[in-house]
Amino acid sequence: FQLISNAVYYLLKSKSTVLPASAPTVSMAYKNKLTEVSLSTTTADAKIYYTLNGTVPTTSSLVYSDTLSITDSCTIKAIAVKQGFDNSSVTIATVLVKSMAATPSISVAAAETGKAVTITASEGATVYYTTNGGTPVVAKAVKYTVPFTLIRPCTVKAIAVQDGKLNSDIASEKITIDGYKERAKTLVWANFNDSPTVWIDTMTTQNVDLFGAKGYAYTDSLGHKTEKTLDFKNGFMAGTWGQRVTFQATAVATSGNYSPYTDGDTGASNRAISFLRTSASTDPTTGYLVTTTAYNGPFDVTVWMTGAKGNTTVEKLEVSVAKALTDTTWTVLDTLTSVSDKYIRKNIAYYDATAPVFVKIKSVSNLGTNSNMMVFDVKLMGEGQDSVVAVNKPVVKKTLVSTRYYTIAGVQVKAPVYGVTIVRNLYTDGTIETQKMILKQRN
């Protein structure tokens, strides 16, 4: 009687310490009229049992082994089971099967200048598109309303969005412009990371104000305006008539702050030049970057830029050209905008003439103390392509340390043998060269 009582006691005692297996989690990937369902549990080696007809799963139900392909909407229920554990609680998930919106159609026709682009989609669908090669994302792409004209070569990508349906596949069309020569030759590139040949030591490790922490007094005692400049020795110099200009050791991120706004805005490198406003809202917005050499056109001015003051107000850069640095009047090519705070945008201004000109990129944001425009990279791209530079492998001097011989079966021998011998040479730099030697006559 005592033995039975003790057995019952210890069974009850052990029962109280048994833990349930971790309930399965459900993840879904939607495709056109097909939903792929994956089940998993954090309990190692546990089996997952599931049903698709709404009934509670047991160990007699279907055993999950691989991704399920569901073609009709249903309710999936699943449990995790492992010896030594109680069965998990039941996970319940509704699986919807959706159809995909029809892929839009992109048609291109000749226009008076450039190409006219028309995008059509099924009734009830809304189209969003990009022209920078980036993936169309509803929140960041342009909503299509009417046909538009392009005068530059590019790739148009579009998706259709429709209530109750998955977004369509991406339609893509490469736009060519007759007579337009590709501008892929780098004329000058300022990236403020490794291009400058002369920096003060601190510039590679911390933020540095180029002309003072609050800019400087840009008028003298007589009210005359003064200008300050700093040559970066990378084809550009910075200048200001009083606005604060800062070198910032900011890294480009893969997501979040200081990451590309879309996948069509990639290409920026670490570190940037910032044009800031001080505590006085009356301070000028006069900071600029300018080339130290005039370049023959035509060329593109590509700028990677963003705002950085914790606001969502649009920052602006004016791109202009002149035949001489001393010119008082500069021709504006375009005014570039940051669009979204702390996300890097790739913007392009176009110079289509042939005369040699200097290029100036000037801060024109007028946002009071909230203004902080950051320029990560500037590239001037002319007609043609960058030349391919052959890279010769450097000759490394090395000394033979030892030579060893092996039979074809891998047995080490003192000297080459009749038939096939594997020769291994070891050098001072740690490299090993292996050769095959064939002796056709016995010694």
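The side chains of D300 and R183 form a salt bridge, in which the closest N and O atoms are 2.7 Å apart; a salt bridge is taken here as a side-chain nitrogen of Lys or Arg within 4 Å of a carboxyl oxygen of Asp or Glu. The model is a predicted one, in which local features need pLDDT of at least 70 and side-chain atom pairs count only at pLDDT 80 or more, while totals for chains, interfaces and linings use all residues. Residues are numbered from 1 along each chain as its sequence is written, and side-chain values use heavy atoms, with hydrogens and water left out.

D300 belongs to strand 23 and R183 to strand 15 (residues 183-190), so this pair ties together parts that are 117 residues apart in sequence; strands (E, at least two residues) and helices (H or I, at least four) are DSSP runs numbered from the N terminus. Both D300 and R183 are buried, where buried means under 20% relative accessible area, exposed over 50%, and partly exposed in between, with a 1.4 Å probe and protein chains only. For R183 the relative accessible area is 12%.

R183 also meets D352 in a salt bridge, at 2.8 Å from N to O. Because R183 lies in strand 15 and D352 in the loop between strand 26 and strand 27, this pair ties together parts that are 169 residues apart in sequence. D352 in turn forms a salt bridge with R152, with the closest N and O atoms 2.7 Å apart. R152 is located in the loop between strand 12 (148-150) and strand 13 (154-161), and D352 in the loop between strand 26 and strand 27, so the parts tied together by this pair are 200 residues apart in sequence. R152 counts as buried at 15% relative accessibility, whereas D352, at 44%, counts as partly exposed.

When neighbours within four places in sequence are left aside, L289 is in contact (heavy atoms within 4.5 Å) with residues including F192, F232, F236, I273, F275, V359, I361 and V378.

Several backbone features lie in loops. G297 and P298 are joined by a cis peptide bond, with omega about 0°, and P298 is found in the loop between strand 22 and strand 23 (299-307). Y258, although not a glycine, has a positive phi of about 65°; Y258 lies in the loop between strand 19 (244-248) and strand 20 (259-260) and is buried, with a relative accessible area of 16%. R271 likewise has a positive phi, of about 80°, although it is not a glycine. The loop that holds R271 runs between strand 20 and strand 21 (272-276), and R271 counts as buried at 18% relative accessibility.

Pockets were identified on a 1 Å grid over the protein atoms alone, a pocket being an open set of points where a 1.4 Å probe fits, with protein on both sides within 12 Å along at least five of seven lines, and lining residues having an atom within 4 Å of a point. The largest pocket holds about 1400 Å³ of space, a volume being the space filled by probe spheres set on the points. Of the 43 residues that line the largest pocket, T131, N132, C154, I348 and Y350 are the closest to its centre. Strand 26 (residues 343-351) gives the largest share of this lining, 5 residues. By class, the lining of the largest pocket has 19 nonpolar, 12 polar and 12 charged residues, with Ala, Val, Leu, Ile, Met, Phe, Trp, Tyr, Cys and Pro counted as nonpolar, Asp, Glu, Lys and Arg as charged, and the others, Gly among them, as polar.

The second largest pocket holds about 360 Å³ of space. Of the 16 residues that line the second largest pocket, E227, W241, D327, W330 and K360 are the closest to its centre.
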